[in-house]
Amino acid sequence: MPAAASSLIPSVLVKLGPLDAIQVADLRPFLERVPDPRARRGRWYSLTAILLVCACAAVSGMRSVDEIAEWAARASDTVLTAVGVRRHPLRWRRAPSRTTIGRVLAAVDGDALDQAVGAYLTRNTAGTVSGKRQVIAVDGKSLRGSARLSAGHRHLLSAVTHHRALTLAQAEVGSKTNETAHFRPLLEPLDLTGTVVTFDALHSVKANVTWLVETKNAHYIAMIKRNQPTAHRQLAALPWPDIAVQHTASSAGHGRRESRSIKTCGIADELGGIAFPHGRLALRVHRRRKQTGERESHETIYAATSLDAHQTTPAELAAAVRGHWAVEALHHVRDVTYAEDASTLHTGTAPRAMATFRNLAIGLLKTLGAVNIAKTTRAIREQPERALPLLGITNNPDAQGT
């Protein structure tokens, strides 16, 4: 009998980690921290209930406000009761409509929602990287479809863990050129003690780097490209030909072979003081890539870090450099699985809120062990009740926090 029952659950869900509400934190108390932007008059659905509907729909792979409303319409009374949706005595429709959901997402406090989701993901991942130094990438992403219909750019700056690509903080910055000014406000709420923060040349600003090391007690790895000519010239001029390769790694897959080598060099005090406050090591990563049917390509990346030679190894530094670019995988899932770039949603904070729920779904599923996000969400969407335990929600209405 147990075997027959388990056969009803897709294998992709069986492989996920613990799904009971005791081990997965309940999302409700985190969403209750988000202030309700609506007037009290005419309000029937609680804000927490609507946000929970959005979260469950996102875990189920829903890509738009219309699809969220369709998910809610398909959900059973048991599911809706669990997320705190009450039945209106004078209306046949129980689930919130597309208009109701859209209005809430357009008006919700984006900062508060991001902080709630970031705190939730942090709570669920506590202890998952014990024994290892946490590495966080600061990276930006444009909402291309929303920007086309908005009066200006829609660009998000995020702090994302290298391990499982969990978004711990996110802020809307307008355009990519504004990222530097939002670097410190983005990271300010996070406990970064002992953490390594990776970022590209755009954020390699003396004031920000000094604040990161001296105030937040963190380390950094700054990736430097040619668009920061002074720093790039300083690093490229170091005696790399005289330094032996200290670590190599290779990988193959999807018709591509890649090999990487790294060299490190101590940064003189005067060099570190000019371009890289607290800089201790310079890095040179050489990457060779061969795609099937194409010529081999070569790329050299320079970086600087506040980590000293006795605090890390060349292999760890190479992994951190590669991990920074691997954050693009999160953007790829948002664009391909959730069609984020194709979305033309542009009203108020709705584009950012939808991105937040996508971050929540991807981060949580990865934490639970999902390898293929698209395949996992397809298995969940067939039965809305499967989303509840993933978010730590029980079917007990007395336990609801709305």
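Student: With which residue does Lys141 form a salt bridge, and how far apart are the closest N and O atoms?

Tutor: Lys141 pairs with Asp335, and the closest N and O atoms are 3.0 Å apart. Before going on, a word on the ground rules: this is a predicted model, where local features need pLDDT of at least 70 and side-chain atom pairs count only at pLDDT 80 or more, while totals for chains, interfaces and linings use all residues. Residues are numbered from 1 along each chain as its sequence is written, and side-chain values use heavy atoms, leaving out hydrogens and water. A salt bridge here is a side-chain nitrogen of Lys or Arg within 4 Å of a carboxyl oxygen of Asp or Glu.

Back to Lys141 and Asp335: Lys141 is buried at 8% relative accessible area, whereas Asp335 is partly exposed at 25% (buried is under 20%, exposed over 50%, partly exposed in between, with a 1.4 Å probe and protein chains only). The pair links distant parts of the chain, with Lys141 in strand β1 (residues 135–142) and Asp335 in helix α15 (residues 328–336), 194 residues apart. Helices (H or I, at least four residues) and strands (E, at least two) are DSSP runs, numbered from the N terminus.

Lys141 also forms a salt bridge with Glu340, at 2.8 Å between the closest N and O atoms. Glu340 sits in the loop between α15 and α16 (350–367), so this pair ties strand β1 to a part 199 residues away in sequence. Glu340 is buried too, at 2% relative accessibility. Through shared partners, salt bridges join Lys141, Arg334, Asp335, Glu340, Asp341 and Arg358 into one network.
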